[in-house]
Amino acid sequence: MNREDAKNAKKNVGAGSPRPPKPNPKPLNPVPSSQSPVPNLDDWLEIGKIVSPQGLVGELRVYPNTDFPERFEEPGTRWLLRPGETELQQVELLDGRYIENKNLYVIKLKGVSDRHQAENMRDCRFFVPISDRPQLDEGEYHVLDLIGLQVFMQESGQFVGTVVDLLPSGHDLLEVQLDPAFATNKEEPATEKERKNVLIPFVMEIVPVVDLETRRVEITPPPGLLSIND
């Protein structure tokens, strides 16, 4: 599933990025199948999941899967997918607030007014269209755009492998699946590197080049970094 994260070599991207206008909301009404076919979720970004009710008045706790806090703070239209269903619903977010130290948002949706209604929304997931992604500044990247990039040693041009994920940490980590032909220790047969993944700190000193147009990443890892997970 697509995630809506945005990273650069130093920090997460926060609020303040420009956003396209949102359509007029139609709360809690499914998108009619006659107007829109069953959505291909590859064209949508998952931004969070409802984990539990909050209190007695229909508020919801949401675990976010986005680096853009305005997704759960600014009123407007969002899209919801209920467990076991295939059609997205448009819902109207009335307000939301972040809970410090729990990485959760508490939100209020139009039409959800008591704990029973809130309980029935447990495990629903929120989505936005890929076309609604905020524009990023130079040097900032959506995680979705990083996955699949080919990784090369900057000095030698040797192909290292392919980016398969980006993991949050003190410094975000590029997860790279090593190419079978790549060996960090030339005394080892290359086949021993098949299907092995390594984690590379996503910082400018180690990942100086990210070229989305050519789908290429260049790295300058310190000695031993690419064999640290052996």
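**Contacts and salt bridges**

Author: Leaving aside neighbours within four places in sequence, Glu218 is in contact with Phe152, Gln154, Ile206, Val207, Pro208 and Val209. The model is predicted.

Reader: Where is Glu218 placed, in terms of secondary structure?
Author: The protein has 2 helices and 15 strands. Glu218 belongs to a strand that covers residues 216-219, namely E15.

Reader: Is Glu218 buried or exposed?
Author: Buried means under 20% relative accessible area. Glu218 has a relative accessibility of 15%, so Glu218 counts as buried.

Reader: Which residue has a side chain joined to that of Glu218 by a polar contact?
Author: The polar contact spans 3.0 Å. The partner of Glu218 in this side-chain pair is Arg216.

Reader: How many salt bridges are there?
Author: The rule takes a side-chain nitrogen of Lys or Arg within 4 Å of a carboxyl oxygen of Asp or Glu. One of the pairs is Arg125 and Glu46, at 3.3 Å from N to O. By this rule the count is 6.

Reader: How many residues apart are Arg125 and Glu46?
Author: The side chains of Arg125 and Glu46 form a salt bridge. Arg125 lies in strand E8 (residues 125-129) and Glu46 in strand E3 (residues 44-54), so the pair links distant parts of the chain. Their separation is 79 residues.

Reader: Which strands hold Arg97 and Glu59?
Author: The side chains of Arg97 and Glu59 meet in a salt bridge of 3.0 Å, N to O. The two residues are 38 residues apart, in distant parts of the chain. Arg97 is in strand E6 (residues 89-99), and Glu59 is in strand E4 (residues 59-64).

Reader: What is the relative accessible area of Glu59?
Author: Arg97 counts as partly exposed at 40% relative accessibility. Glu59 is buried, and its relative accessible area is 16%.

Reader: Which residue forms a salt bridge with Glu119?
Author: Glu119 is partly exposed at 33% relative accessibility. The closest N and O atoms of the pair are 2.7 Å apart. The partner of Glu119 is Arg122.

Reader: What share of the residues in the protein is buried?
Author: The protein has 230 residues. Buried residues make up 43%.

Key: Residues are numbered from 1 along each chain as its sequence is written. This is a predicted model: local features need pLDDT of at least 70, side-chain atom pairs count only at pLDDT 80 or more; totals for chains, interfaces and linings use all residues. Side-chain values use heavy atoms; hydrogens and water are left out. Helices (H or I, at least four residues) and strands (E, at least two) are DSSP runs, numbered from the N terminus. Buried means under 20% relative accessible area, exposed over 50%, partly exposed in between (1.4 Å probe, protein chains only). A polar contact is a pair of N or O atoms within 3.5 Å; within protein, one must be able to donate a hydrogen and the other to accept it, and residues adjacent in sequence count only if both atoms are side-chain atoms. Contact means heavy atoms within 4.5 Å.
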